[in-house]
Structures are given as structure tokens and as C-alpha cells.
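Could you have a look at this one with me? I've put my notes below as numbered points.

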Amino acid sequence: MIHGELRSYFKSTRGLRQGDSISPSLFIIMAEVLTRGLNLLFTKNHGLDYNYGGSILISHLAFADNIIIFTNGQQKSIKCISIYTSSSGQAININKSSFTTTKQQHQNKVAHITGFQFQPLPITYLRVPLFKGH
């Protein structure tokens, strides 16, 4: 709608660039879409959760453009994440992604489905070491 009248579709020729004033807002909106999508995925598919022994279920942690997703490592949970990425159009950078598991039998399966490299514990996420145990 231009000046109160419906007009035909117009083609954008420039797009957004880093530093545009709307870029941070769009990033926040898309981060919220990702968070809601992952929450919905884990809510609808019970049994995907990573059981760490606590009472609060944590599906993921996100900070800016970094995200860590917690699943139980079963084939169903890994495929659900693949389905989410393909349906949402949000791509995962395989070169910057990795996975860790304490169960040897999950390593080959997860690597085959996701294409990620295995990284043994402890791992570092946002400069914080993550490890199993107290």
C-alpha cells in the first residue's frame, strides 16, 4: 500500500546491510522465532530431552548468534532438529558446529545424520568449560 492505495509488488534491489538500523531488530525477531520453534519442538516430542538429573528441562541455551542444543542423542531427536532446520529455512554452519556425547554408540549415528564433528568433553561454550560431573 502506497499513499493509501494498493499497488503491485515491487522488487527490492539492495537488501539489508550490516549497520542498518533495522538489522538488530530483525536479528532479535529471528532469535525469538528460533527459541519458540525449539521450545515447541521439545514440547510436542516428549523424550527428546537431555536428562541431566535436574528438575528443569533445558532444550537449548542461546546467546547472540551462538546456540547449544541439548538432546538425548537418539536418532529421533537428531532428525527432529534436522526437520526443524529444513522447515524453518535456518541453516546450521557445519564447519562451526560440533557435538559431544558420553555414549560411544551415539557418536557415529549423530555424526552421520548431522555432518558435525565429534568433540570430546570438556568443551568450551562462550569461554565457559562444560563437562560432565560436579
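The points go from the whole chain down to single residues.

1. **Ground rules.** This is a predicted model, where local features need pLDDT of at least 70 and side-chain atom pairs count only at pLDDT 80 or more, while totals for chains, interfaces and linings use all residues. Numbering starts from 1 along each chain as its sequence is written, and side-chain values use heavy atoms, with hydrogens and water left out.

2. **Layout.** You'll find 3 helices and 6 strands in the chain, in the order α-β-β-α-β-α-β-β-β from the N terminus. Helices (H or I, at least four residues) and strands (E, at least two) are DSSP runs, numbered from the N terminus.

3. **Overall shape.** The radius of gyration is 19 Å, whereas a compact globule of 134 residues would sit near 14 Å. That radius is taken over C-alpha atoms, and the globule rule is 2.2 Å times the number of residues to the power 0.38. The C-alpha trace spans about 60 × 30 × 30 Å along its principal axes.

4. **Burial and charge.** Of the 134 residues, 20% count as buried (under 20% relative accessible area; exposed is over 50%, partly exposed in between, with a 1.4 Å probe and protein chains only). On charge, there are 13 positive side chains and 5 negative ones, the centres of the two sets being 11 Å apart. Lys and Arg count as positive, Asp and Glu as negative, with His and the chain ends not counted; each charge is placed at NZ of Lys, CZ of Arg, CG of Asp or CD of Glu.

5. **Histidine 60.** This residue belongs to strand β1 (residues 60-63). Histidine 60 counts as buried because its relative accessible area is 12%. Leaving out residues up to four places away in sequence, its contacts (heavy atoms within 4.5 Å) include Thr35, Leu38 and Phe70. Its side chain also makes a polar contact of 2.8 Å with that of serine 59. A polar contact is a pair of N or O atoms within 3.5 Å; within protein, one must be able to donate a hydrogen and the other to accept it, and residues adjacent in sequence count only if both atoms are side-chain atoms.

6. **Helix α3.** Buried or exposed: which is glutamine 105? Glutamine 105, in helix α3 (residues 104-114), is exposed at 58% relative accessible area. Threonine 114, also found in helix α3, is buried at 18%. The side chain of threonine 114 has a polar atom 2.7 Å from the backbone oxygen of valine 110 and reaches the backbone nitrogen of phenylalanine 116 at 3.1 Å.
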